[in-house]
Amino acid sequence: MTVTYTARVANARFCGFSKLLLAWKGSIYKVLYKEFLAFFAMYTAISITYRFFLYEDQRRYFEKLAIYCNRYASLIPMSFVLGFYVTLVVNRWWNQYTSIPLPDRLMCVLSGGLQGNDERGRLLRRTLMRYASLSALLILRSVSTAVFKRFPTMDHVVEAGFMSREERKKFEGLHSPYNKYWIPCVWFTNLAAVARCEGRIKDDHTFKLLLEELNGFRGKCSMLFHYDMISVPLVYTQVVTLAVYSFFLVCLIGRQFLDPSQGYPGHDLDLYVPTFTLLQFFFYAGWLKVAEQLINPFGEDDDDFETNWLIDRNFQVSMMAVDEMYGDLPVMERDRYWNDSNPRPPYTAATLFVLRKPSFQGSTFDMADTSAPPASAFTFTSRPLSAFLFPSTAQSGLEHCSSQPAISLPKATSGIPKPPSTGNQMSLLAVPSYVEPQRLRSVSVGSEFTAS
């Protein structure tokens with residue numbers, strides 16, 4: 001049901017979105033055309049009545065009413081209320097999708113943590129994974145109309161293979177007034193404890209990791225249930241709906257083209273068709289329709305979540321991971337870059353231009369240091385020095401934070417000639433000395449240079 005157009009907008013190009021305007025499935029035209037036609041029909045009926053069926057004094061009164069409605073329609077804060085509401089609904093829509101329980105993390109832990117190539121080990125892994133899938137199916141069946149139509153009764157769940165008949169008796173024998181989607185998760189924990197006692201799960205750390213993944217899986221099931229129970233406050237939805245509908249009901253009268261001969265300000269033209277009013281209705285009412293579609297994405301609209309596809313995918317993938325793929329490894333061999341210290345995967349001719357781009361070194365890599373003196377102001381000597389040179393006076397030293405011990409550093413040798421004491425002196429990486437002239441050291445080159 002989800003309308004996917006990602007590949008069509010992979011690259012930005014001239015009028016890139018214009019190709020999407022002709023799509024019908026999931027489009028604003030499909031959602032809004034009935035309301036749009038109803039609004040235009042009511043506007044046309046009022047316009048015809050004003051022009052051909054009202055007496056002269058009635059027309060004058062209608063014109064005053066139209067001017068009054070048009071003047072005060074702007075007092076309805078439609079953009080402000082509608083904008084916040086749609087933002088809230090869109091955020092809620094995406095959060096609901098991220099709350100759908102997926103078995104991928106759980107099946108990887110189960111496949112690697114529960115050992116045994118025999119019939120018993122296989123039965124344990126498959127049963128544990130089936131319990132997790134059953135819990136996800138029960139919660140999706142509770143919140144999604146599409147899933148409920150596919151599994152309307154527990155008989156359909158049993159026939160689909162998610163639950164055995166004995167498990168159904170046990171499930172229905174546990175009486176609770178609340179939703180029982182969590183019962184298969186408890187079965188999972190009990191069976192995992194049995195596997196731990198049998199030594200199928202080797203240590204407590206693996207057992208703990210398995211239960212943590214199950215709790216995350218169960219937590220997402222719980223979030224879906226609470227999203228279904230706790231809706232956007234009804235008063236907010238009512239306020240937004242009333243704001244939009246009342247605004248355009250006022251526009252039915254206030255946006256009418258009046259008799260130009262009467263000389264009303266802003267009514268110099270008589271165009272019959274209110275083009276910009278219709279555009280305004282299309283945008284604002286369409287905005288409200290967006291919220292209407294996204295507020296519950298577990299229905300059967302064009303852009304609702306593919307819940308039945310998710311059930312099929314999750315069940316098939318999880319069973320394959322814990323059964324068919326258990327212990328099934330390809331033969332290990334040396335990779336292509338075994339003796340290459342700088343592996344570079346090849347590029348096709350279509351992506352060869354990437355090689356011409358320089359590697360990113362940082363935002364300040366090519367920045368010029370405007371505060372440093374020019375290169376001509378320094379005198380370089382070819383005598384190699386250590387990367388860092390510190391003054392020999394007792395007053396100088398590195399500033400250490402209180403949590404670090406003081407570091408004993410080698411003092412500068414006396415054989416190094418001192419630079420002349422004249423000129424402006426500054427230090428780049430060396431610690432400045434307050435007794436002798438400051439000496440600059442080049443870290444990368446290792447040569448001494450002093451200010452002249």
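Is Cys108 buried or exposed? Cys108 is exposed, with a relative accessible area of 53%. The cut-off for exposed is over 50%, so Cys108 qualifies. Keep in mind that this is a predicted model.

**Stop 1: the whole chain**

Zoom out and colour by secondary structure. The chain has 13 helices and three strands. It runs to 452 residues, and buried residues make up 34% of them. Now think about contacts between residues at least 6 apart in sequence. Of these, 71% join residues at least 24 apart.

**Stop 2: the cysteines**

Select every cysteine. How many disulfides does the structure hold? The count is zero. Go to Cys221 and look for its closest cysteine sulfur. That sulfur belongs to Cys185 and lies 5.7 Å away, too far for a bond. Cys221 is buried, at 0% relative accessibility.

**Stop 3: the largest nonpolar core**

Next, show side chains for Met129, Leu140, Val157 and Leu210. These have the most contacts inside the largest nonpolar core, which has 48 residues. Six helices each supply at least two residues of this core: H4 (104-113), H5 (119-143), H7 (154-159), H9 (183-197), H10 (204-229) and H13 (307-324). Which helix gives the largest share? That is H5, with twelve residues.

Centre on Met129. Leaving aside residues up to four places away in sequence, Met129 touches Pro103, Leu106, Met107, Leu110, Ser318, Met319 and Val322. There is also a second, separate core of 25 residues. Val244, Phe247, Cys251 and Phe281 are included in that second core.

**Stop 4: H4 against H5**

Hide everything but H4 and H5. The two pack at an angle of about 165°, and their axes are 11 Å apart. That angle makes H4 roughly antiparallel to H5. The crossing of H4 past H5 is right-handed. Pick out the residues in contact: Leu106, Met107 and Leu110 on H4 meet Arg125, Leu128, Met129 and Ala132 on H5.

**Stop 5: H3 against H12**

Switch to H3 (residues 78-98) and H12 (275-294). How far apart are the axes of H3 and H12? They are 9 Å apart, and the helices pack at an angle of about 25°. H3 and H12 are therefore roughly parallel to each other. Their crossing is left-handed. On the H3 side, contact residues include Leu82, Tyr85, Val86, Val89 and Trp93. On the H12 side, they include Tyr284, Trp287, Leu288 and Leu294.

**Stop 6: Gln96**

Stay on H3 and select Gln96, which lies in this helix. Is Gln96 buried or exposed? Gln96 is buried, with a relative accessible area of 3%. Buried means under 20%, so Gln96 falls within that class. Show what is around Gln96, skipping residues up to four places away in sequence. Gln96 touches Leu224, Tyr227, Ile295, Pro297, Phe298 and Phe305. Gln96 and Lys220 are 124 residues apart along the chain, yet their C-alpha atoms are separated by 9.3 Å.

**Stop 7: Gly199**

Move to the loop between H9 and H10 and select Gly199. Gly199 is partly exposed, with a relative accessible area of 29%. The line spans 8.4 Å, although Gly199 and Gln115 are 84 residues apart in sequence.

**Stop 8: two positive phi angles**

Where does Cys15 lie? Look in the segment before helix H1 (28-53). Phi of Cys15 is near 55°, a positive value in a residue other than glycine. Cys15 counts as partly exposed, at 43% relative accessibility.

Finish at Tyr272, in the loop between H11 (234-254) and H12 (275-294). Tyr272 is not a glycine, but its phi is positive, at about 70°. With a relative accessible area of 52%, Tyr272 is exposed.

Note on methods. Residues are numbered from 1 along each chain as its sequence is written. This is a predicted model: local features need pLDDT of at least 70, side-chain atom pairs count only at pLDDT 80 or more; totals for chains, interfaces and linings use all residues. Side-chain values use heavy atoms; hydrogens and water are left out. A nonpolar core is a set of buried Ala, Val, Leu, Ile, Met, Phe, Trp, Tyr and Cys residues joined through side-chain atoms within 4.5 Å. Buried means under 20% relative accessible area, exposed over 50%, partly exposed in between (1.4 Å probe, protein chains only). Helices (H or I, at least four residues) and strands (E, at least two) are DSSP runs, numbered from the N terminus. Contact means heavy atoms within 4.5 Å. A disulfide is a pair of cysteine sulfur atoms within 2.5 Å. Axes are lines fitted to C-alpha atoms, for helices over the stretch in contact, and angles run from 0 to 180 degrees between N-to-C directions. Angles under 35 degrees count as roughly parallel, over 145 as roughly antiparallel, 65 to 115 as roughly perpendicular and the rest as oblique. A crossing is left-handed if the near helix is turned anticlockwise from the far one by less than a right angle, and right-handed if clockwise.
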